[in-house]
Amino acid sequence: MVAANEAAYRAAMQKAADCTAEKGWQVEPLVREADGSWSFSMTSDKPLSDEDNDRQASDSMACIDKYVESTGVWTAYRKSMLLTGAQWDQAYGEFVKCLNDAGVSGVAVGDSVQKVTALIPQDGSAKAIEAQACVNEYRFRLFSD
């Protein structure tokens, strides 16, 4: 069984960031995202060509795959974040309120994250960005898909 705690997941992400740095890319410190995931970004002192951008993305994804995806640590951690029972009910109510405040209605219990996302306008408006932020914040605690 793969460790499902946040510390194990964060450590795996740090290994992926270190691996990316070892491939010659400038890597920023890990950041905890609103949804509970950890990420890192890469910077450069000079503009990168399209080829360099592609290589940078490929190198970082190879490192993430090696230390995070293929080990199962992300899947185990993600499953550990799923709420159940009264905690899920409370969080889902907060999620629906967040979406309503952003102008999105029609979300029902049992809707998939894909169905909820389809209700969000894709027009780049402030309300659409606010609604997508709601999905990003709650997705791993409420949805298994």
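Modeller: A residue is called buried when its relative accessible area is under 20%, and exposed when that area is over 50%. The structure above is a predicted model.

Biologist: Which residues of helix H2 are exposed on the face turned away from its buried side?

Modeller: That face of H2 carries Asp50, Glu51, Asp54 and Met61.

Biologist: And which residues of helix H2 are buried?

Modeller: In H2, which runs over residues 50–69, they are Asp52, Gln56, Asp59, Ser60, Cys63, Ile64 and Val68. These residues lie on the same side of H2 because they cover an arc of only 135° around the axis.

Biologist: What covers the buried residues of H2?

Modeller: The cover includes helix H1 (6–22), strand E4 (42–43) and helix H3 (73–81).

Biologist: Aspartate 52 lies in helix H2. Why does aspartate 52 count as buried?

Modeller: Its relative accessibility is 17%. The cut-off for buried is under 20%, so aspartate 52 counts as buried.

Biologist: Which residues is aspartate 52 in contact with, leaving aside its neighbours within four places in sequence?

Modeller: Aspartate 52 is in contact with Trp25 and Lys46.

Biologist: Now take valine 109, in the loop between H4 and H5. Is valine 109 buried or exposed, and how do you know?

Modeller: Valine 109 has a relative accessible area of 64%. Exposed means over 50%, therefore valine 109 is exposed. Not counting residues up to four places away in sequence, valine 109 touches Trp88 and Tyr92.

Biologist: How many residues apart in sequence are valine 109 and glycine 24, and what separates them in space?

Modeller: They are 85 residues apart in sequence, and the distance in space is 46 Å, C-alpha to C-alpha.

Biologist: How do helix H4 and helix H6 pack?

Modeller: Helix H4 (residues 85–101) and helix H6 (residues 126–142) pack at an angle of about 170°, with axes 8 Å apart. Angles over 145 degrees count as roughly antiparallel, so H4 is roughly antiparallel to H6.

Biologist: Which residues make that contact?

Modeller: H4 contributes Trp88, Ala91, Tyr92, Glu94, Phe95, Cys98, Leu99 and Asp101. From H6 come Lys127, Glu130, Ala131, Cys134, Val135, Tyr138, Arg141 and Leu142. By class, the contact of H4 with H6 has 11 nonpolar, no polar and five charged residues.

Biologist: What makes a set of residues a nonpolar core?

Modeller: The members are buried Ala, Val, Leu, Ile, Met, Phe, Trp, Tyr and Cys residues, joined through side-chain atoms within 4.5 Å. In this protein the largest such core has 19 residues, of which Tyr92, Phe95, Leu99, Val107 and Leu142 touch the most other members. The elements giving two or more residues to this core are H4, helix H5 (113–118) and H6. Apart from it lies another core, of 17 residues, among them Ala12, Ala16, Val68 and Tyr77.

Biologist: What does phenylalanine 95 touch, not counting residues up to four places away in sequence?

Modeller: Phenylalanine 95 touches Val107, Val116, Cys134, Val135, Tyr138, Leu142 and Phe143.

Biologist: How many helices and strands does the protein have?

Modeller: The secondary structure comes to six helices and four strands. Along the sequence they follow the pattern α-β-β-β-β-α-α-α-α-α. Of the 145 residues of the protein, 34% count as buried.

Methods:
Residues numbered from 1 in each chain as written. Predicted model: local features only at pLDDT ≥ 70, side-chain atom pairs only at ≥ 80, totals over all residues. Heavy atoms only, no water. Buried < 20%, exposed > 50% of the residue type's maximum accessible area, 1.4 Å probe, protein only. Arc of directions from axis to C-beta. Contact = heavy atoms within 4.5 Å. Axes fitted to C-alpha atoms, helices over the stretch in contact; angles between N-to-C directions. Parallel < 35°, antiparallel > 145°, perpendicular 65-115°, else oblique. Nonpolar A, V, L, I, M, F, W, Y, C, P; charged D, E, K, R; others polar.
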